[in-house]
Amino acid sequence: MTEMVYGTVAARPGEPVLPRWWRTVDRWSLSAILLLFGIGILLGLAASPPLAAKNGFEPFYYVKKQAVFGGAALLVMFVTSMMSPKLVRRLGVLGFFIAFAGLALLPVFGTDFGKGAVRWFSLGFGSVQPSEFLKPGFIVLGAWLMAASMEINGPPGKLYSLVLALIIVAFLAMQPDFGQAVLVLFGWGVMYFVAGAPLILLIGLAGAAVFAGTVAYQNSEHFARRIDGFLSPEVDPTTQIGYATNAIQEGGFFGVGVGEGTVKWSLPDAHTDFIIAVAAEEYGLVLVLFIIALYAVVTVRSLFRLMKERDPFIRLAGTGIACLFGLQAVINMGVAVRLLPAKGMTLPFVSNGGSSLVAGGIAIGMLLAFTRSRPQGEMSDILRRSWR
Amino acid sequence: MTRTPLRPLARVLEARAKGENPDAIERENIRLRHERMRDRMRVRAESRLLMMAVMFVMLFAVVGARMGVLASTEPSEPRASAGGESIVAQRADIVDRNGRLLATNLVTNALYAQPPMMIEPARAARELAKIFPDLDEEELVEDFTGKRKFLWIKRKISPEQQQMVHDIGEPGLLFGPREMRLYPNGRLAAHVLGGAGFGREGVHSAEVIGVAGVEKAFDDYLRDPANGGAPLELSLDLTVQATARRVLEGGMKIMDAKGATAILMDARTGELVSLVSLPDFDPNDRPVPLTEGDPSDSPLFNRAVQGVYELGSTFKVFTAAQALEMGVAAPGTMVDTQGPLRWGKFRIRDFHDYGSEMSLTDVIVKSSNIGTARLAQQIGGDRQRVFLERLGLTEPTPVELVEAPGIAPLLPARWSELSTMTISYGHGLSASPLHLAAAYASVVNGGCKVAPTLVRRAPEPGCAERVISEKTSRTIRGMLREVVTRGTASFAEVEGYAVGGKTGTADKPRPRGGYYEDRVIATFAGLFPAHDPDYVLIVTLDEPTVSALGEAQRTAGWTAVPVASELIRRVAPLLDMRPEIEPGPAFGVKLTGN
């Protein structure tokens, strides 16, 4: 009756945002990220005072900075993770173009902070590295292009995305920043793989890589020496790797104790690239394995959740971000344990950093947005299975 | 434009027939196909994502396992010694044939600075500049206050200097222990020893490596810990070396020569008892090599080994020896010396006109170019070359100096008959004085080839490689003795030591071709005692002049020979040789053995 008089009650489009978010978000990954951030603060307390002392700041300057930027990063992450995939895509593509403009303008306005590579914009209170923001943007745009190519009568998006990736790689190589270039290429490769790259092509590429490596090893003395030096079991204890290895060995299973470590005094990058060595020395293998487990949880859980995803864009973009996140962690820790040749790469969310933390927050926020559970036509899957 | 087929055709056609819009049907069809395709792709992506997940699990597991392995191993090195790998600085001593020290090590300190630890950089710089006058105070201040975290100030400092630096009391000035090479005899044997410098350098130690001479040639041996610090024993005799150097330096000054070298070699074993090259240098403080100009003007240049010269008439002995050995001539055979000897457009002359012919002995004694050239013509170029090869005059000497292997004699490009004739009296083939010493020793010691060496070596019984017969060698020795008693080297006579030898004076070649008129290389190649030579001596003077008989004399008989005779007079007693003085006839006593 009431309805006949007043019309129907305006139907609510859905549940309130926050409860729905909490119900659908991947809470395991979220917890892992928060834990990683906490561990980062904890390790920063140990690792950064020597640097602060050297640069003339109060001891916990870098920890406070980490907390401020980390807080901002977490905020950004929460907000992003509440967005719908479509909004993420739009903002991501927009963000990509802004970041790309920033990257292209680096040679003009950028600074190198005396490190020999022009990668940063100096903003007075801090610095911004456009390539950090470019990565999630590129993943979103690339995934969109690839997803579009899967439409019937769609554009050749895979080719477009490859060209885009190569352009970015060229810009990054100019800086030079080969680490980020490798990550961008890897991100594209992962998306291409999941988007259905022909297996023969993949096998061929792998074969070509092995062949090229062998040829280079046999013909280029420089290359061979680097590889041999990396493979040789002796570590010069005065190199960064040497200190890191020594720190891990000193730490043993349970560490030398909080604040008792010494590696942070000898390693200039103890608070960023080699923070895992600080963790290993002071807290031992236990904490290191816990950190590894946290990264594994985020990466692997995201991949598993994406397996159910029906939307190709979400699947591809989520895969790209999750894999980049995992790979960055693997490379950072692989360097510290001498599985990989030295390459400056931070440990996401744990390493001390400014704008890169915010960029990481954006990326993880996107990942969480993509991996939220959505109706995925599970019934049809079940039916299809039973038909077989 | 590409035409996309209408699908599903049957229904589209049916709709068209009914006048309906077929687009809706087509869209519906595309949606369904899309749905199916998505499902297919998701199934494929599912397996690929699973592969990725497994890959990441494996990667993380590998990193974790590696962490576990590392954590469970002991640290390879204690932290305290992480400063750098230890550098072995032990270097064996070098001694002469009697065990006297030629080179040893001395513990010293290197001075370095760590500016971040400095309290008063300006004062430290001022005090340092006071202690070391060669340091510049302003530069030091700049270094100490700049961005540098570490810098070397001095490689070697004395204990007194170290104490003075201590007294500055600056914690940023630090010392690194060093072993430095010390040559207690200074310039003596500088060219033989060469010198040593620092190789890899760390704060706690530095490697001492040889940079020249025997120090470099025996670098591996001297640094080999397996030798247990046993010294390297050279064939040099320190006292003889000191005397030879003193005499040669005096002679060089008197004869106004710009360089000189003396080689004293054991005629049987080839051991170099003394090797002097002037000008020389102090191996404790090696001068830097010349960057421009003629390297042979540098004091680092070892004239005895590195200098290749046309050694002039000293080569005539080889021609005579070969002629005797081949039976071309006997000592008494008359040789045509009618001059000048024309060959094509060239003329060969003698210093004096010796008449139309003279005996082979006189050809050597008077040093006739024409006579030697005639003999060489009879010997022939090929055989001459083979003979000189056997004497070692065509390839680098095997002496244990790092400089030696690169110094090969300069041979004529084509061994023509004219070359044969000029080489017979020492022109057209340039060799080092050391080559000459070894060849002379081989010819006069009874005909056994010797190889020059700087390492003490026991005499070998028998004759490893015969160059000429015992008889020829004896004849040559007689001729060389006659050169001194009645020939060009009359100043070489040292009573009681029966010196024999041959002079050689060669015009110096101009760098741009042709020869100088007034610059010569004067050489005396001698042996003593002539009847059974123990030693061969080569004295070479570079551009000597001495005024005698009212004019400037440059020939070896006036320049190199007097120096050589003084050298023998002073050195022979040091070599434990007794003068054998024949009692004059007035005594009327006949010596019957000693």
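Chain B has 17 helices and 20 strands; helices (H or I, at least four residues) and strands (E, at least two) are DSSP runs, numbered from the N terminus. This is a predicted model, where local features need pLDDT of at least 70, side-chain atom pairs count only at pLDDT 80 or more, and totals for chains, interfaces and linings use all residues. Residues are numbered from 1 along each chain as its sequence is written, while chains are lettered from A and ligands numbered from 1 in the order in which they are written.

**Chain B**
- Of its 594 residues, 43% are buried (20 or more other C-beta atoms within 10 Å of the residue's own, with C-beta atoms placed from the backbone).
- Take the contacts in chain B with a separation of 6 or more: 69% of them join residues 24 or more positions apart. Contact means C-beta atoms, placed from the backbone, within 7 Å.

**Chain B with chain A**
- Chain A gives 42 residues to the contact, and chain B gives 33 residues.
- The chain B side holds 18 nonpolar, 5 polar and 10 charged residues. Ala, Val, Leu, Ile, Met, Phe, Trp, Tyr, Cys and Pro count as nonpolar, Asp, Glu, Lys and Arg as charged, and the others, Gly among them, as polar.

**Helices α14 and α15 of chain A**
- Helix α14 (residues 275–307) of chain A packs with helix α15 (residues 312–336) of chain A at an angle of about 160°, their axes 10 Å apart. Axes are lines fitted to C-alpha atoms, for helices over the stretch in contact, and angles run from 0 to 180 degrees between N-to-C directions.
- α14(A) is therefore roughly antiparallel to α15(A) (an angle over 145 degrees).
- Their contact includes A:Y295 of α14(A) and A:F325 of α15(A).
- The residues of this contact divide into 12 nonpolar, 6 polar and 1 charged.

Definitions and conventions
Two residues are in contact if their C-beta atoms, placed from the backbone, lie within 7 Å. A residue is buried if 20 or more other C-beta atoms lie within 10 Å of its own, exposed if 12 or fewer, and partly exposed in between; C-beta atoms are placed from the backbone. Angles under 35 degrees count as roughly parallel, over 145 as roughly antiparallel, 65 to 115 as roughly perpendicular and the rest as oblique.
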